[in-house]
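Hi everyone, thanks for making time for this one.

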Amino acid sequence: MANPSLLILAGDGIGPEVMAEVKKIIAWMGSRRGIRFSVSEDLVGGCAYDAHGTPLTDETMARAQAADAVLLGAVGGPKYDKLDFSVKPERGLLRLRKEMDLYANLRPAQCFDALADFSSLKKEIIAGLDIMIVRELTGGVYFGEPRGIFPDNEGGRVGINTQRYTTNEIRRVARSAFELARRRNNKVCSMEKANVMESGILWREEVQWVHDNEYPDVELSHMYADAGAMQLVRWPKQFDVIVTDNLFGDLLSDCAAMLTGSLGMLPSASLGAPMKNGRPKALYEPVHGSAPDIAGQGKANPIACILSFAMALRYSFDLGDEAARVEKAVEKVLADGVRTADLMGPEGGKPVSTSGMGDAIVTALDASLA
Ligand code: IPM
Ligand code: MG
């Protein structure tokens, strides 16, 4: 059988640097575990705009659709701030999510013991934290119509976006959340603003419907998203799986990410419906962005991107043991005190470079076989 295909879209800013470290892990899996992928690369975001005048060409889109999994670095940068909205780097990423129909975005927020001091919250609040945010990724205000900037009746302008959710869109992402919960601590908290938004009322009712009809064994609670944000920083360990819409999920996942000490640590998986081969349509990317301020300096933390590849092993290729091996290697390296610049505490010390971190993880992987 042919090796499964991986399409790498490293993108902009620190994307290519952190992806270079992922390639070391991919190579390691091939040489040391006999797990081989057929890897190809292409452009997305600002670099695609520079080359082709669009942040994602139709050819790249087609290759992403055909791949067994897509690994993405990051998109965007100040150089592209003035571009027309329709060709901004972010549009490339949003097109991938939408056309691949990657409706369930899994954003785990896990606190590594070695980093418990790095959080802006007290250690006891975040030590051992392990929650999963499931963000709806292809609907809501990100894509709702009508949208645009139009002249208003007073000689000014009006900016419009539409929050819109259908029964089907809510139910399918709710199912993803309940499925995950069953394999974790069996709890789902759904977040919306049913107190001010009709779409929030529908969200709450449909999530409850899926629960009552299909997952009555899972514990379900509902929270307004603002209260949810507050609870996330007050006592995050009360949560297991959080399911929420596209925009609230964007905000809450950044907030949850920071609980763990660094945005440079958090991976994500964006999953759609199963393809013919039974694998879900899938794109894996770090939660952090392109960090243009440190791009090209070898300072970026590659862990989020490496952990995103681990998620690919688990969710696309059914290689949960190998995913855990990568996660344990990361844990080991952190426990040994290896730190990129973003993980340096006030006590100081000497940070390793991006590639230094990648190499340390490869060494820890080697050690896992000894
Ligand atoms: C994210 C990012 C994206 C989003 C941007 C880059 C379009 O913030 O993945 O969280 O808003 O979804
Ligand atoms: Mg975001």
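Predicted model: local features only at pLDDT ≥ 70, side-chain atom pairs only at ≥ 80, totals over all residues.

Which residues surround ligand 1? They are Glu-90, Arg-97, Arg-107, Arg-135, Tyr-142 and Asp-250. By class, that shell comes out as five charged residues, one nonpolar and no polar. Tyr is on the nonpolar list in this scheme, in case you were wondering about Tyr-142 in that shell.

Now the contacts. For Arg-97, an N or O atom of the side chain is 2.7 Å from an oxygen atom of ligand 1. Arg-107 places a polar side-chain atom 2.8 Å from a ligand oxygen, and for Arg-135 the distance from a polar side-chain atom to an oxygen of the ligand is 2.8 Å. How much of ligand 1 does the protein bury? On its own the ligand exposes 320 Å², and 76% of that is buried by the protein.

Where does that put us in terms of pockets? Ligand 1 takes up the space of the second largest pocket, and this pocket holds about 420 Å³. There are 21 lining residues, and those closest to the centre are Glu-90, Leu-93, Arg-97, Asp-250 and Val-287. Strand E3 (69–74), helix H4 (89–99), helix H9 (246–259) and strand E12 (280–286) each give two or more residues to the lining. Helix H4 has the largest share, with four residues. The classes for this lining are nine nonpolar, seven charged and five polar.

Next, the largest pocket, with a volume of about 560 Å³. It has 23 lining residues, and closest to its centre are Gln-110, Asp-130, Arg-184, Arg-314 and Glu-327. The elements contributing two or more residues are strands E4 (104–110) and E5 (130–136), together with helices H10 (303–315) and H11 (320–335). Here the lining divides into 13 nonpolar, eight charged and two polar residues.

What about enclosed space? The structure holds one cavity of 30 Å³ or more, and the volume of the largest cavity is about 40 Å³. Its lining is made up of Gln-163, Tyr-165, Glu-192, Lys-193, Met-197, Ser-199, Gly-200, Trp-203, Asp-245 and Phe-248. Helix H7, residues 198–214, gives the most, with three residues. By class we have four nonpolar, three polar and three charged.

Before I stop, two backbone details for anyone who plans to look at the geometry. Which peptide bond is cis? The one from Glu-145 to Pro-146, where omega is near 0°; Pro-146 is part of strand E6, residues 144–151. The other is Asp-101, which has a positive phi of about 55° although it is not a glycine. You'll find Asp-101 in the loop between H4 and E4. H4 is the helix with the largest share of the second largest pocket's lining, while E4 is among the elements lining the largest pocket.

That's the tour from my side.

Terms used: Residues numbered from 1 in each chain as written. Chains lettered and ligands numbered in written order. Heavy atoms only, no water. Near = heavy atom within 4 Å. Polar contact = N/O pair within 3.5 Å; in protein donor to acceptor, adjacent residues only side chain to side chain. Areas by Shrake-Rupley, 256 points an atom, 1.4 Å probe, with all protein chains shown as cover. 1 Å grid on protein atoms, 1.4 Å probe; cavity = no way out; pocket = protein on both sides within 12 Å on 5 of 7 lines; lining within 4 Å. Sits in = over half its atoms within 2 Å of the grid points. Points joined across faces, edges and corners; volume = space filled by probe spheres on them.
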